Amino acid sequence: MANARRLGFRPIKVSNGGTVTYDKVRVLTNNTLAIGYRDAIKYVATGDVVAAAAGADELILQGGVAMGAIYTDATNVRRESKALPAATLYTSTGAEPENASFVYVVQDCVGVEFEQNVANSAIALTDLNLNYPVVLTTINTTTLLSRHELNATGRAVTATIPWRVTGFVRRADNDISLVDCNVICKLNAGQREPALSIALGT
């Protein structure tokens, strides 16, 4: 039976034990792209957090994974949601104004294991411990869920490719011999990690 596609980066555990925790990170007003639930995000030079987008972002360092948002809607009502809509507006000053938009981002992303779908190809044992680019499709506007997934095309040992696949998800509903199998992955090249830090963005 074909695998069901389960998209977005789903945190499953902290590698060395403990609980997955989250940072609340500000998003500047009038964000270009929506940030979906379980989307890969990146930090840019303005201090902003944005959704990693199709194109160059598929192969560069990424900042982490978004797991919800809080923002002020067009009627001036404060909302908590799975996702931050595009073009969310607010007017304020200061580093963290109360009416700003925020997303919740997984803390210490390189220490967290995620479950993710792999597109385009079945996975063999020789494909483990390789680094994978990401298919960065924009969010499902109905469910607000991420449509990001790992891309078997382009996997390699290249250090700057963002995600490393470390194992299979062994579960009755996941056939590891078929396309769209789910795997365990970790952030390989992160913007806020010691080895390849570019915390000021690109």
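Let's start with a cysteine: Cys109 has a relative accessibility of 2%, so this residue counts as buried. The model you are looking at is predicted, so every value below is computed from its atoms.

**Cysteines**

What does a search of the whole structure find in the way of disulfides? The count is 0. For Cys109, the nearest cysteine sulfur belongs to Cys185 and lies 9.4 Å away, and Cys109 is in no disulfide. Cys181 is in no disulfide either; the nearest cysteine sulfur, again that of Cys185, is 11 Å away. With a relative accessibility of 0%, Cys181 counts as buried. As a reminder, a disulfide is a covalent bond between the sulfur atoms of two cysteines.

**Confidence**

Over the protein, the average pLDDT is 89, and 95% of the residues score at least 70. One stretch to read with care is residues 195–202, where the pLDDT is below 50. Beyond near neighbours in sequence, that stretch has 18 contacts in the model.

**Aromatic rings**

How many aromatic pairs does a search of the whole structure find? There are 3. One of them joins Phe9 and Phe114 in an edge-to-face arrangement, with 6.4 Å from centre to centre and 90° between the planes. Phe9 lies in the segment before β1 (10–14), while Phe114 belongs to strand β8 (residues 112–119), so this pair ties together parts that are 105 residues apart in sequence. Phe9 and Phe114 are both buried.

Phe114 also pairs with Trp163: the ring centres are 5.5 Å apart and the planes stand at 85°, so this pair is edge-to-face too. Here strand β8, which holds Phe114, is linked to strand β12 (residues 163–168), which holds Trp163, and the two residues are 49 residues apart. Trp163 is buried, as is Phe114. Through these ring pairs, Phe9, Phe114 and Trp163 are linked into a cluster.

Elsewhere, a charge meets a ring: the charged end of Lys24 sits over the ring of Phe102, 4.5 Å from the ring centre.

**Nonpolar cores**

Which residues have the most contacts inside the largest nonpolar core? They are Phe9, Val65, Val106, Phe114, Leu150 and Trp163, in a core of 27 residues. Two or more residues of the core come from each of β5 (64–72), β8, β10 (134–137), β12 and β13 (182–187).

Leaving aside residues up to four places away in sequence, Val106 touches Pro11, Val20, Thr21, Tyr22, Val65, Met67, Val112 and Phe114. There is also a second, separate core, which has 13 residues and includes Val25, Val27, Ala66 and Val105.

**Loops**

The table lists three of them with their relative accessible areas.

| Residue | Relative accessible area | Class |
|---|---|---|
| Glu98 | 76% | exposed |
| Ala87 | 44% | partly exposed |
| Ile60 | 26% | partly exposed |

Glu98 is placed in the loop between β6 (78–81) and β7 (101–106).

Where is Asn129 found? Asn129 is in the loop between β8 and β9 (131–132). Phi of Asn129 is positive as well, near 65°, and this residue is likewise not glycine. For context, most residues other than glycine have a negative phi.

Ile60 is found in the loop between β4 (49–51) and β5. Not counting residues up to four places away in sequence, Ile60 touches Thr160 and Pro162. The C-alpha atoms of Ile60 and Asn120 are separated by 20 Å, and these two residues are 60 residues apart along the chain.

Notes. Residues numbered from 1 in each chain as written. Predicted model: local features only at pLDDT ≥ 70, side-chain atom pairs only at ≥ 80, totals over all residues. Heavy atoms only, no water. Phe/Tyr/Trp six-rings, centres within 6.5 Å; stacked < 30°, edge-to-face > 60°. Helix = DSSP H or I, 4+ residues; strand = E, 2+ residues; numbered from the N terminus. Buried < 20%, exposed > 50% of the residue type's maximum accessible area, 1.4 Å probe, protein only. Lys NZ or Arg CZ within 6 Å of the ring centre and 35° of its normal. pLDDT = per-residue confidence, 0-100. Contact = heavy atoms within 4.5 Å. Disulfide = S-S within 2.5 Å. Core = buried A, V, L, I, M, F, W, Y, C linked by side-chain atoms within 4.5 Å.
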